[in-house]
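Let's take a friendly walk through this model together. Have a look at the picture first, and then we will go through it step by step.

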Amino acid sequence: MPSDRKVAARAADRANAILEIDLRAVAANWRRLKREIAPGVRMAAVIKADAYGLGAAQIGPVLARAGCGLFFVASLDEGFALRKVLPKTAIAVLDGVLAGSEAEFARAKLTPVLNDFGQVQRWGKAHPRRPAILHLDTGMERLGLSRGEVDRLTADAGVLSRLDLAAIMSHLACADEPDHPKNPEQLARFRAALARLPKAPASLASSSAIFLGPPYHFQIVRPGAALFGINPLPGKPNPMRATVTLRAKILQVRDVDAGETVGYGATHRMERPSRVATIAVGYADGWLRSASDRGSAAIAGRRVPVVGRISMDLVTLDVTGIDADRARPGAYVDLLDDRYGVDDAAAAAGTIGYEMLTLLGRRYARIYRGAR
Ligand SMILES: *Cc1c(COP(=O)(O)O)cnc(C)c1O
């Protein structure tokens, strides 16, 4: 029987596009946040959406070994899946516990994030003294108990006494804009609510909020994006390490006469005689169509622009002036690397690194570096 590693290597040889995920870089990002940015504070990891597309089954154990004792996922199903690879670690489910699913949470020992008064009541009745996290909305108007519901909760000592609060959390709307007045406003609201509730570890900070400084740290911080190399400080140098590289093979290179157009819609007309390379990646792989005629890739370190529309499986690049032995069928083009990361590719597509990363497709051969 060939080893898993050999099978993966062969699949990569065959593959027209390879997504490489550096687990050591994820662990290094964890340590950097833990030791340098929020020292002395408990740190959870948010690995919802299959660890932002990178694979929760691989990322979860790596972070657990790095010392993570609390994971957040979005849905009950993500919780079940993570429970299989992390039998003991605490796993919290951000979507909350909808009526009727309390037993499923308890069976998989998942910690519900209680998002409204009804969830608090039902969980306390169904599973008194099983850990839960209380989520307060302090200005996001999305999920969590409203101020009115916190009033109701504090007026009803019975409801609170049935809860084992693993944490009380809230979430900031504008953490990636350090000077936004909403940040101190939400901080003040969170503090005021905490003062009225039973003592429990408090948690407010996602990746960007950790960089707002110690007043935002409380007892537990909960980064997601920064662990995966997304810049928590938009517009400033990225303090995190890139965790993914993406390469795609050139399928064909052609000479295109001046005046000819490239791709669907004939949107791009070549002004001079050109060479165009067609590569094996498209919007079905998460290479967003909105980056048509805007994004770029690199061949042997030289940037080459996308020309024409991005189609489902193919992207066309202007490789005029690139050595023919570099720009040839079968050669790899770099789409994401240390110098041009998900935030850069996202900017070209008119979106954010979060969306880019979570959309990177299922069609790539995936190689995990640093896996044990
Ligand atoms: C996604 C999420 C996080 C993590 O946010 P990042 O910006 O990825 O660090 C933290 N808390 C909540 C409630 C979230 O939904």
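Where does the ligand sit? The ligand sits in the largest pocket.

## About the model

This is a predicted model, where local features need pLDDT of at least 70, side-chain atom pairs count only at pLDDT 80 or more, and totals for chains, interfaces and linings use all residues. Residues are numbered from 1 along each chain as its sequence is written, and side-chain values use heavy atoms, with hydrogens and water left out.

## Around the ligand

The ligand is surrounded by 14 residues (a heavy atom within 4 Å of the ligand), and Lys48, Tyr52, Ser207, Ala225 and Tyr354 are the closest. By type, this shell holds 7 nonpolar, 4 polar and 3 charged residues.

Now for the polar contacts (pairs of N or O atoms within 3.5 Å). In the side chain of tyrosine 52, a polar atom lies 2.5 Å from an oxygen atom of the ligand. Serine 207 also has a side-chain N or O atom 2.5 Å from a ligand oxygen. Glycine 224 uses its backbone instead: an N or O atom there is 2.8 Å from an oxygen atom of the ligand. Of the 380 Å² that the ligand exposes when taken alone, the protein buries 91% (Shrake-Rupley method, 1.4 Å probe).

## The cysteines

How many disulfides are there? The count is 0 disulfides, where a disulfide is a pair of cysteine sulfur atoms within 2.5 Å.

Note on methods
A polar contact is a pair of N or O atoms within 3.5 Å; within protein, one must be able to donate a hydrogen and the other to accept it, and residues adjacent in sequence count only if both atoms are side-chain atoms. On a 1 Å grid over the protein atoms alone, a cavity is a set of points where a 1.4 Å probe fits but cannot get out, and a pocket is an open set with protein on both sides within 12 Å along at least five of seven lines; lining residues have an atom within 4 Å of a point. A molecule sits in a cavity or pocket if more than half of its atoms lie within 2 Å of its grid points. Ala, Val, Leu, Ile, Met, Phe, Trp, Tyr, Cys and Pro count as nonpolar, Asp, Glu, Lys and Arg as charged, and the others, Gly among them, as polar.
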